[in-house]
Structures are given as structure tokens and as C-alpha cells.
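Have a look at the sequence and the fold, then read on.

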Amino acid sequence: MNIGQQIRKYRKESHLSQKELGTRLGVSQQNIAQYENGRRIPKLETIKKIAAALDIPLSELDPRSVEARSSHVPDVSCEERDPAQNRIMEYYSLLNDTGRQEAIKRMAELAEIPRYTKPASPPRMIIEIKAAHNDHLDQPGELERMLEDLEALKRPDSRSPSDSADR
């Protein structure tokens with residue numbers, strides 16, 4: 001169920017019309033209709049207000065809010081994302097927990113293929129280094145190797161993590 005369908009579901013369960021919900025939020029009935037039919041995606045602040053007006057936890061409307069905080073990813077309003085990111089989030093919201101984990105795995109796999117990724121920048125390379133070492137941190141010396149790779153980023157002649165020795 002996407003966020004618009006969730007809003008409609010909980011609004012109806014609360015026995016509110018679109019106009020009544022709009023009045024509680026200080027927006028028009030048309031805005032509520034657009035949220036519900038997916039023509040507009042509300043900002044995080046608006047989602048919080050909707051959840052409060054419907055007396056439901058924020059996570060019922062927007063599971064990303066819980067996941068984003070737990071993974072330290074900053075919340076980005078839908079208006080700040082490009083249309084492709086909004087489509088990804090829309091599809092993601094339709095998945096159950098198992099599907100979400102699989103989606104994350106597949107996105108991680110795509111992010112490892114150079115032709116699908118942006119040129120590496122130091123922050124991205126840090127993420128790549130940590131990801132490359134993450135599965136092996138229980139092995140002796142792996143943490144030290146990861147720290148060495150991170151230190152290598154500071155040197156002008158540093159190689160990308162994909163150039164490092166095979167595991």
C-alpha cells in the first residue's frame with residue numbers, strides 16, 4: 001500500500017472526509033485528494049501532521065521515517081528527490097519486510113557495478129571500503145586492512161577499493 005492509500009485508509013477509519021482532514025491540517029480538500037490518489041506526495045512535515053491528525057504513529061503512514069532514523073540516513077522530502085527516487089520509494093513502500101531486504105540487496109549489487117554508478121568520490125569510496133570489508137570483519141587482521149584502505153584515500157596516488165586484492 002502506498003502512502004496515499006494509507007492516508008485514505010486511516011482517514012476513513014477515523015470517519016473523516018477529505019475536507020475535514022484538510023481543515024485539521026490547514027490545507028485544501030484538493031490537496032488531500034491529490035495525496036490519496038498519488039498525484040502529490042506530501043513532505044515529511046505534512047506526513048507528521050497527517051499522522052497526528054489521524055492519531056496514528058508516523059510509521060503507519062511512512063515506514064521510511066523509522067528506517068531512515070535507524071540507518072542514520074537524513075530524511076529528504078519527496079520534492080527534494082528526483083522523480084526516479086520517488087518511484088523507487090513508491091515501489092519500496094509496497095514491499096513486505098522480506099521484499100524490502102531483497103530490494104536493498106539488489107540495489108547494493110547494482111551499486112557495485114561500475115557502469116551503474118557515479119564516479120567515486122571520497123565519501124562514496126569510504127562506503128565502498130567499509131562494504132568490502134564488512135563481511136570479513138570477524139577474520140584476523142581485517143579491521144587493520146580496512147583502516148589501511150581508508151588511510152590510502154588520504155594519499156594522492158590511492159587506488160579505489162575495487163583495485164584492492166581479491167578476498
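Met 89 lies in helix α7; helices here are DSSP runs of H or I with at least four residues, numbered from the N terminus. This is a predicted model, where local features need pLDDT of at least 70, side-chain atom pairs count only at pLDDT 80 or more, and totals for chains, interfaces and linings use all residues. Residues are numbered from 1 along each chain as its sequence is written, and side-chain values use heavy atoms, with hydrogens and water left out.

Now for helix α1, residues 3-13, where the buried residues are Ile 3, Gly 4, Gln 6, Ile 7, Tyr 10 and Arg 11. Seen down the axis of α1, they fall within an arc of 160° (taken from the directions from the axis to the C-beta atoms), so they line one face of the helix. They pack against these helices, among others:

| Helix | Residues |
|---|---|
| α2 | 18-25 |
| α3 | 29-36 |
| α4 | 44-53 |
| α7 | 83-93 |

Just after α1, His 15 takes a positive phi of about 55°.

Leu 25 touches Ile 32, Lys 49, Ile 50 and Ala 53, leaving aside residues up to four places away in sequence; contact means heavy atoms within 4.5 Å.

Conventions:
Buried < 20%, exposed > 50% of the residue type's maximum accessible area, 1.4 Å probe, protein only. Helix = DSSP H or I, 4+ residues; strand = E, 2+ residues; numbered from the N terminus.
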